[in-house]
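Me: I have a structure open and want to learn to read its features. Can you take me through a few?

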Amino acid sequence: MSGVGWIVLYFAALLAIGVWAERRRARGAGGAVEYYLAGRGLAPVALFFALFGTNCSPFVLMGIPGQSYHDGVGIFGLNAPILALGIPLTFWWLGVPARAMGARLGALSPAELVAKRLASRAVGWALFAAFTLFTVPYMVTGLQGCGLALERWSQGALSARAGAAVALGVALAYTFLGGMRATAWTNVVQGALFLVVVLATLVALVAELGGPQAACARLAAERPDLAVLDRTRPRFEPRAFGSYGLAITLTVVCFPHMLVRLMAAGGTQALRTSCRLYPLALTLLWLPAVGIGVLGALEFPGLAGNASDGIFPRVVERALGGERAVLGTLAVLAAAMSTLDAQLLTLGSMLSRDVLPRHAAGLGVERLFLLAVGAAAFLLYEAVERWQVSIFALAQLAFSGYVMLFPTIALALLWRRFTAAGALASIVLGSASLAALTGGWLPSAGFLPVLPAFLVALAAAVGVSLASAPPPRAHVALAFEGAES
Amino acid sequence: MTGNGGRGGSRRWLAGLGLVVLLLLHLDPWRPEGWPGAVAGVPGELVYRLAWMGLAFGYLAWVLAAREGESR
């Protein structure tokens, strides 16, 4: 089959899943709970891939090999171990109460969950604003990944703009049709696809270099600097290393498109299974991603700056060769679209449930919000392309911004004494501190700005909650124990 | 209140202690130069991080199993 055939087949498979999910929804109870949360019944396999596929964006497939190309195996130590521990732990500690509390309070989105728990619409609006501010730039990175992948594969026959539009159109179509169930099951296809392609690429590259021993020997001989953790590099300096670890550990569970998937789990056992599988899958993805960057530096030396972000497609073309090179494009599309669909659905749900006045028109109107989010993301993508903004810098700022929401989300789920005033103070003061530290108006003593700003957000949440009137007992009991308590 | 409240409390303390030990081993402050050299040709730094992950997987399995026990 030709490259075009594989890409058409991939898009057709996603659309078919969307149609299947819509038929299943129509046969069942239907309604918003079914559309946005798959009836709170995602099975273990679908839940695991929904979490894994949503979490892994082109940042892992292209950004990590690109960073490893310059900084070596230290990139693995900086990211993979702490993620493999931190993500499942935060999913477990926050996911179980989020799922249960969401069902008790009838919440369908993360902002709605926290707003109902704290009985405050202002908290819902503040969270919606923060989630949107941080998520839309992140969506643009996905569109850029799709555009670049299709432009490169078609050798310019398809512009990056057209490629991004096609990928967004397909993602919107199946999400529009089948909601959460469609995005979860397309993530099964997408997650399996990019995992297999990344692994196969590393195996083929190592074989081309003469096997594992020969590849390691060549690395030691030609680029020994890539085989060690060099603490003199700014990103590996101990204080930067530690604060980066904190940021990437806490940020993922605060992505609204991740938290909403935890709320859609079919039960505690489905969550437990996902938490057990997660570290293994992360290892299987990150080890090849770093290996491709490090060994790619031997095969394609001399890529300066951001040019190294193109090392993954180069290695795929060299190692897999011929018609199979399209697999690299499919892997990037899969990683980007599996994140994009979840972001579209989650922002669409928050826009319709948390911000605009309630409407009685049913799913037809709910789906229009989804289209509005897609259109907004594409407009920002066009602006970013025109202004030549560094989107990875934007994404990094967004990841730090999510961390400022961690105290609000975690304390709302775990601490009965937490108040709406504490939440608002935490969001405002944490975000303001992050902006001041990032802008250099406040000193950060060698740590990344995210660490001191997080401490401010946490202190504000706890301090203001204790200083304000406690929430009504009956409402807290309803949130934590249910109506029967 | 369940009968195994004391055991649950001990588990929480142990879980906290285990997390602190794992984080210290991750930050690895006593080896500023990292793990140079190689084990069977594989960079020592990579071997150390994979070994850490092995420990972390064990810890995670224990935490999840402990919750399973508590919920019974």
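Me: How are α1(A) and α14(A) oriented to each other?

Reply: Two packed helices are described by the angle between their axes and the distance between the axes. In this predicted model, α1 (residues 3–27) and α14 (residues 326–355) of chain A pack at about 25°, with axes 10 Å apart. Angles under 35 degrees count as roughly parallel, so α1(A) and α14(A) are roughly parallel to each other. The crossing of α1(A) past α14(A) is right-handed.

Me: Which residues make the contact between α1(A) and α14(A)?

Reply: From α1(A), A:G3, A:W6, A:I7 and A:Y10. From α14(A), A:V326, A:L330 and A:L333. By class, the contact of α1(A) with α14(A) has six nonpolar residues, one polar and no charged.

Me: Is A:G422 buried or exposed?

Reply: A residue is buried if 20 or more other C-beta atoms lie within 10 Å of its own. A:G422 has 27 C-beta neighbours inside 10 Å, so A:G422 counts as buried. A:G422 sits in helix α18 (residues 420–438) of chain A.

Me: What is A:G422 in contact with, leaving aside neighbours within four places in sequence?

Reply: A:A461, A:V464, A:S465 and A:S468. A:E382 is 40 residues from A:G422 in sequence and 38 Å from A:G422 in space, C-alpha to C-alpha.

Me: How many residues does each of chain A and chain B give to the contact?

Reply: Chain A gives 29 residues and chain B gives 22. On the side of chain A that touches chain B, α5, α9, α10 and α12 each give two or more residues. The most come from α5(A), with 11 residues. By class, that side of chain A has 20 nonpolar, six polar and three charged residues.

Terms used: Residues are numbered from 1 along each chain as its sequence is written. Chains are lettered from A and ligands numbered from 1 in the order in which they are written. This is a predicted model: local features need pLDDT of at least 70, side-chain atom pairs count only at pLDDT 80 or more; totals for chains, interfaces and linings use all residues. Axes are lines fitted to C-alpha atoms, for helices over the stretch in contact, and angles run from 0 to 180 degrees between N-to-C directions. Helices (H or I, at least four residues) and strands (E, at least two) are DSSP runs, numbered from the N terminus. Angles under 35 degrees count as roughly parallel, over 145 as roughly antiparallel, 65 to 115 as roughly perpendicular and the rest as oblique. A crossing is left-handed if the near helix is turned anticlockwise from the far one by less than a right angle, and right-handed if clockwise. Two residues are in contact if their C-beta atoms, placed from the backbone, lie within 7 Å. Ala, Val, Leu, Ile, Met, Phe, Trp, Tyr, Cys and Pro count as nonpolar, Asp, Glu, Lys and Arg as charged, and the others, Gly among them, as polar. A residue is buried if 20 or more other C-beta atoms lie within 10 Å of its own, exposed if 12 or fewer, and partly exposed in between; C-beta atoms are placed from the backbone.
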